[in-house]
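Thanks, everyone. Let me put the model up, and then I'll go through it piece by piece.

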Amino acid sequence: MSSNNAAAPYRAHRKGRSVSAILLDFLGSMNLAITLLVALGIGSIIGTVLVQERSWSEHMIDFGPFWFEVFRRLGLYDVYSASWYLAILAFLVITTSVCLYRHTPSVVKEMTRFRDHHQEASLRALSNRREWTLALTPEGAREAVARTLKNKGFRFRDKSGSGGQILLAGMKGRSNRLGYIFTHLAIVVICVGGLIDGDLLLKWNEWRGNLQIETRDDIPVSQIDDSKKLPVRPGSFRGTTSIPEGRAANVTFLPLRDGYVVQELPFTIVVEDFRIQHYPSGQPRSYESDLKIVDPERDKTFRETIRVNEPLEYRGYSIYQASFGDGGSRLDLRIWPLAGDSEAPEELEARVFSEVRVGVGGQEYTLQFRDFELTNVRPDELQESGRRQRNVGPSFSYALRTPDGRTLEFENYMLPITIDGRQYYLSGMRPSANQPFRYLHIPAGPDGGLDRFMTFLGNLRQSEPRRKAATAAARYVLLELGMADEREQARQLAGQMAMSAEQMIRQLLQEGFEAVSEGIEARVMAGSNDPEQQALLRDFSHMLLERTLTNAYHDAVAREQGVQSVSDLGGLSEDDRLFYEEALAALSALPAYGTPIFLELTGFEQIQSTGLMIGRAPGAGIVYFGSAMLVLGLFLMFYIPHRRVWALVTRDGREGQTRVLLAGSGQRDPKAFGREFVKLAHELDLRLRLAASEGGEEGKT
């Protein structure tokens with residue numbers, strides 16, 4: 001019963017308060033401010049750790065479908081422009097402003113109030129105090145106290161009381177209270193700057209449906225609809241654009257969700273030249289762009305060279321040297337057939353970012369050339385430490401779209417690469433962008449080219465050379481078995497063996513060695529139940545296959561050397577035999593390569609492009625100003641302590657005697673204030689004694 005009675009006044013007080021007063025209490029509460037600051041800190045950490053402003057496809061590759069969707073719904077791919085992040089900034093502005101509104105008057109009052117109403121009893125309650133009784137007039141004691149306070153940097157005010165009392169109230173470090181105002185005001189300023197750079201206008205247009213997103217890549221700006229373009233505006237943004245040498249652009253591309261929008265610029269950027277310097281290993285050392293800015297609005301044209309970390313600032317826009325890439329290099333290619341009966345390779349001239357259609361085996365394939373790299377740095381296996389790098393030369397990447405709609409990605413190197421002491425032409429293939437490349441290793445011939453391997457492959461895939469090699473292999477096997485004669489039965493058997501050899505070669509090129517071995521095993525098991533006959537047939541089939549491959553390879557070596565047969569060369573060298581083994585490994589990998597052609601880069605004309613990051617951040621200056629104010633406020637709060645002292649001068653009951661009571665308080669670092677108070681009291685003691693001696697009176701303490 002008593003509990004209910006005690007709570008009744010509080011409930012009545014709450015009930016009598018207006019909604020606005022309750023709302024102000026809530027918005028100005030410390031708990032809300034701390035909660036918002038913690039949430040803002042967590043969001044800023046996420047925005048720092050998680051790479052921002054990338055396409056959704058890149059995030060899908062990094063995190064997978066499940067976590068990609070979770071992070072997308074939370075708005076973590078563009079934290080600083082996310083609705084929840086901007087809402088936190090807005091609430092921080094409101095709650096901090098309410099705090100300033102409610103507490104600034106009392107803070108200012110505390111700065112200007114000297115608290116000259118203290119009584120003797122309250123001063124004696126302070127832990128830091130000192131008292132003197134001297135043969136001195138109150139006016140003389142007051143003068144000594146005033147000089148001491150002034151010398152120690154205290155501002156003071158004196159007040160006369162009843163009975164001849166004089167109270168001197170001193171204050172020092174009142175700018176400490178400004179620290180509170182500056183700190184809270186700095187939070188407001190910083191959050192306002194963050195809101196300005198949060199591009200609220202873009203969010204608003206997107207929410208209202210006035211802005212559409214472009215998802216198509218590598219299309220001219222002229223083909224992009226106006227609903228996907230943003231006019232020149234005062235808001236903030238950060239976009240990227242790639243400009244080839246000798247070309248110009250007056251737009252930048254802003255990544256947004258699963259696509260981008262086009263932001264128009266009030267000036268045109270012309271790339272006159274792009275330069276890149278490399279270390280001896282081939283690693284990029286530095287790169288820079290010579291730009292010409294053409295501003296028709298201001299009838300102004302000027303040139304500037306930008307480098308990494310040395311941006312160009314113009315009209316509030318910052319132009320950074322961010323990256324570099326290909327700008328449409330010309331590629332001279334040789335198309336080697338990997339299947340079918342075609343004989344000679346075809347020559348092709350293409351450009352990066354172009355599409356070319358080629359016909360192979362009666363079907364049409366589309367080649368999309370995507371990039372060209374002049375230098376490629378790999379670990380140098382010739383160095384014992386394994387830490388040195390080397391440049392393995394140019395490479396190009398392309399995609400091949402098959403007639404059934406599949407798209408395969410390839411990465412081919414122009415020059416052979418040394419691996420374990422042997423040289424190979426490398427070609428990487430992957431069926432999709434989220435999978436790693438698997439590399440085909442084609443051995444380089446004695447001249448460092450592809451001709452020997454392609455001739456060997458041609459002898460196997462073309463009907464006439466394959467039939468010739470298979471027929472010779474059948475005769476060799478029959479001779480080894482002692483069955484070679486001119487009888488009709490032997491000729492028929494040789495023909496059947498040649499047909500079987502051709503069938504195994506075709507299966508080898510289509511499915512690989514493992515499939516051929518499985519086919520041989522299936523025929524062996526179906527042909528006889530006798531283990532001895534099965535072993536004989538198995539050896540017979542492998543001998544036939546091996547001899548056919550050997551004949552095709554011998555013919556390739558002979559044609560390369562311009563002789564009739566390998567015997568004219570005195571047989572194969574050790575390098576020739578190693579090449580044969582490597583070529584068989586490449587043949588076995590061809591079925592997984594996924595394409596009937598191989599592209600060899602024979603020449604190029606490089607055209608480079610510079611990657612520029614163009615941004616506008618009108619709130620940056622506001623944030624910098626707020627940050628400086630925050631530093632100043634924190635300095636005032638933590639390094640300028642607020643201290644108060646009082647000196648009560650009272651005429652003592654004894655004639656000619658005056659009592660002086662000195663007391664003080666310092667809320668921050670009481671120990672340091674205690675030491676300062678001792679020095680203050682010591683100086684006052686000296687001044688009081690001096691004043692008493694000059695007055696010709698003898699005092700005591």
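Start with a definition: buried means under 20% relative accessible area, exposed means over 50%, and partly exposed is in between, using a 1.4 Å probe and protein chains only. Now the ground rules. This is a predicted model, so to speak of provenance: local features need pLDDT of at least 70, side-chain atom pairs count only at pLDDT 80 or more, and totals for chains, interfaces and linings use all residues. Residues are numbered from 1 along each chain as its sequence is written, and side-chain values use heavy atoms, with hydrogens and water left out.

First stop, E582. Is E582 buried or exposed? E582 is buried, because its relative accessible area is 13%, and the limit for buried is under 20%. E582 sits in helix 15, residues 574-593. Helices here are DSSP runs of H or I with at least four residues, strands are runs of E with at least two, and both are numbered from the N terminus. What does E582 touch, leaving aside neighbours within four places in sequence? The contacts are R422, Y424 and P443. Contact means heavy atoms within 4.5 Å.

Next, empty space. Rolling a probe the size of a water molecule over the atoms shows where empty space is left. The search runs on a 1 Å grid over the protein atoms alone; a cavity is a set of points where a 1.4 Å probe fits but cannot get out, and lining residues have an atom within 4 Å of a point. Grid points are joined across faces, edges and corners, and the volume is the space filled by probe spheres set on the points. How many cavities of 30 Å³ or more does that give? The count is 1. The largest cavity holds about 30 Å³ of space.

Who lines the largest cavity? The residues are N412, Y413, M414, Y425, F598, L599, E600 and L601. By class, that lining has 6 nonpolar, 1 polar and 1 charged residues. For the classes, Ala, Val, Leu, Ile, Met, Phe, Trp, Tyr, Cys and Pro are nonpolar; Asp, Glu, Lys and Arg are charged; the others, Gly among them, are polar. Two strands each supply at least two lining residues: strand 19 (407-413) and strand 23 (597-605). Strand 23 gives the largest share, 4 residues.

Strand 23 takes us to a sheet. Here 3 strands form an open, antiparallel sheet in the order 13-12-23. Strand 13 (346-351) and strand 23 are the edges; each has a single partner strand, so one side of each is left without a neighbour in the sheet. Neighbouring strands of this sheet are turned by 30° against each other on average, direction ignored. Angles like that run from 0 to 180 degrees between N-to-C directions, with axes fitted to C-alpha atoms, for helices over the stretch in contact. Strand 12 (residues 330-337) pairs with strand 13 in the antiparallel sense over 6 bridges. Two strands pair if DSSP finds at least two bridges between them.

Work through the pairs. Strand 1 joins strand 26 (residues 658-666) by 7 bridges, antiparallel. E131 has L661 as its bridge partner in strand 26. Strand 2 pairs with strand 3 over 6 bridges, also antiparallel. F156 has G170 as its bridge partner in strand 3. Strands 2 and 3 form a hairpin with 5 residues between them, and G163 in the turn has a positive phi of about 70°.

Last, backbone angles. Most residues other than glycine have a negative phi. D669 has a positive phi near 55°. D669 lies in the loop between strand 26 and helix 17, and counts as partly exposed because its relative accessibility is 45%. N309 has a positive phi too, near 70°. N309 is in the loop between strand 9 (300-307) and strand 10 (312-314), and is exposed at 72% relative accessible area.

Definitions and conventions
1 Å grid on protein atoms, 1.4 Å probe; cavity = no way out; pocket = protein on both sides within 12 Å on 5 of 7 lines; lining within 4 Å.
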